[in-house]
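The model is predicted.

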Amino acid sequence: MVRNTNKTEFYLGNPNLPAADARIAYEPWMVKEMKKCKENILHFAEKYFYIINLDRGRETIDLHSCQKRVLRKMRDNRFFILLASRQIGKSTMMTIYILWQACFMDDQRILLVANKEATAIEIFQRVRMAFEELPIWLKPGVKEYGKTSMTLDNGSRIGITTTTGTAARGQSVNCLVIDEMAFIESHLVEEFWKSVFPIITSSKKSKVFVCSTANGTDNLFYKLYDGAEKGENGWAYDMIKWNEVPGRDEKWAANTRQALGSAEAWLQEFECQWLSSGESSIDEALFIEMSQQCKPAPIILDEGNYKIWEEPNPEKVYVAGVDISEGVGVDASVIQILDMTDIRDIKQVAVYHNRHIPPLEFSNKLHTILLNWGSPLALIERNNCGAQVVDRLAFDMGYEKVVSYGAKAALRGRPQMGMIAHTNTKYKGVMNMRYFINETRSVTIQDLDTLKEMRDFVRYPNGTWKAKGGYHDDRVMSFMYGLYILEKEITERYFDIMELDDHGKPMVVETMDFGVATFENATSIYNDFEVVGLNNHYMTPVVFGMGYSGTEQNSDMELLEQEGWKPYGR
């Protein structure tokens, strides 16, 4: 019978934590159970490992067959690597093994490694919760119990670190567990690996467990898994796909694919497929195919910075994507105008690109161009110098159609406008762009420079997308922001979504009455800019009606002059 009635028997008075010198009377069945748990990790897990179910509360875990298979491999192998789908309980399996080894083996040094300290702490919190839920007689006494480590009176210790830390360097470690290794930046994890792995392998009994979702091929996780699969490095390995979890059928898969909005993301994160790092956002075959649609702009303005393929048409729906630079000759400020009248046939109709225009002047240029295209919805990155452009456009110039996304904080008592770009929003934007360009093939790019930037816009080993070294991606980012308006969360704010495709993306929309699309007279785009024809030859300004008969054209010109317009050059 347990005799823990004195509060001094508990660590810091916590009734779930026996103190190092706690006095516990063990009954024969307890001793038998402890022996059985030590010999059988699955018995320990299914009878004494508790989880908190949001609906049912505290309950023991019911292991899936794939989880049992992995736990046996962790128990029976020194080096084990797991490639797993999302949401299959990787952290739970790590927690079970770490607790089992710490509780039933003496003098163990167990180290949990994650790419971020917050992630490591979150996983360690699960370890602590599961430890506290164990029966008081089943667990060793506690000598130290902190936010980042715990030490038991059997000499075992569990600690956490990141690949940028020094906690493991020069120390003896009996068990090293690395979570989501494929998402740790290569230069960090490889340096960490070189310093820690030799120390671990110097012991004949130490273990290393690595798990992750797939994330390209240019990282240490892929190299280890590929070597294990080929039998070249002596590692045991396993793979768990989405359909090994009970209750997940094709209907579940279809709903998940729809929520992801990308077949590529589904293949990588749930089918465990390796998508090559360094791959371009469009492959060479698609680049060649799309380049056939590119053509010189018939209208070139502003000393070649502003290219127009089609004149503004009040019957069409346009959107604008805007990326902003400091204007010092390195990166460029770019405006992409897209015709989204038919989402199944999205067309790039104009591009403004300038590396030397300062943000304040760019605000004026952006406002003028947006008015030319009927004051369309505009998604503008407000990071860094972009904030002053967005705020001037929205608050000083009164432009009402700036799309806000990820900008919830207040700025001087007024809401932030525009797009707050960070790793997650950029990744989501790139997946959305690739979906419409690569998968549905519903985008026509007419600017060869934009298409070339797409080809040189590549996936890096850490999963991020950006231009190759020495190249630029300003045209790509602004194009991505234009297409971002087709993210369902944004689309349903400004359009009536009439039909969704199989991946939950808008396919047919109708404009809401959120403001009349006021087009500045089309001839203003020629009055405001110097007109340059193809091959930099000056050309006569073009106005609506140039394709009409002479009488109709003269009539149009007379009407314009009566309204106060003057032909360019007079």
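The second largest pocket of this predicted model has a volume of about 560 Å³. Its lining comprises 25 residues, and D323, D331, E381, K426 and D473 are the closest to the pocket centre.

**Second largest pocket**
- Three elements, α13, β22 (465-467) and α15 (474-484), each give two or more residues to the lining of the second largest pocket.
- The largest share of that lining comes from α13, with 4 residues.
- By residue class, the lining of the second largest pocket holds 10 nonpolar, 7 polar and 8 charged residues.

**Largest pocket**
- At least two lining residues of the largest pocket come from each of α4 (90-104), α5 (117-133), α8 (250-260), α9 (263-269) and α13 (423-439).
- Helix α13 supplies 6 residues, the largest share of the lining of the largest pocket; α13 also provides the largest share for the second largest pocket.
- The lining of the largest pocket consists of 9 nonpolar, 22 polar and 14 charged residues.

**Nonpolar cores**
- The largest nonpolar core contains 57 residues, and F44 and F131 have the most contacts inside it.
- Helix α4 contributes 10 residues to this core, the largest share; α4 also supplies at least two residues of the lining of the largest pocket.
- Beyond its neighbours within four places in sequence, F131 is in contact with L17, L99, C103, K139, P140, V142, Y145, M150 and L152.
- A second, separate core has 41 residues, among them F436, F457, M477 and I490.

**Chain as a whole**
- The chain contains 18 helices and 25 strands.
- Of its 570 residues, 52% are buried.
- Considering contacts between residues at least 6 apart in sequence, 67% join residues at least 24 apart.

Technical notes. Residues are numbered from 1 along each chain as its sequence is written. This is a predicted model: local features need pLDDT of at least 70, side-chain atom pairs count only at pLDDT 80 or more; totals for chains, interfaces and linings use all residues. Side-chain values use heavy atoms; hydrogens and water are left out. Ala, Val, Leu, Ile, Met, Phe, Trp, Tyr, Cys and Pro count as nonpolar, Asp, Glu, Lys and Arg as charged, and the others, Gly among them, as polar. On a 1 Å grid over the protein atoms alone, a cavity is a set of points where a 1.4 Å probe fits but cannot get out, and a pocket is an open set with protein on both sides within 12 Å along at least five of seven lines; lining residues have an atom within 4 Å of a point. Grid points are joined across faces, edges and corners, and a volume is the space filled by probe spheres set on the points. Buried means under 20% relative accessible area, exposed over 50%, partly exposed in between (1.4 Å probe, protein chains only). Contact means heavy atoms within 4.5 Å. A nonpolar core is a set of buried Ala, Val, Leu, Ile, Met, Phe, Trp, Tyr and Cys residues joined through side-chain atoms within 4.5 Å.
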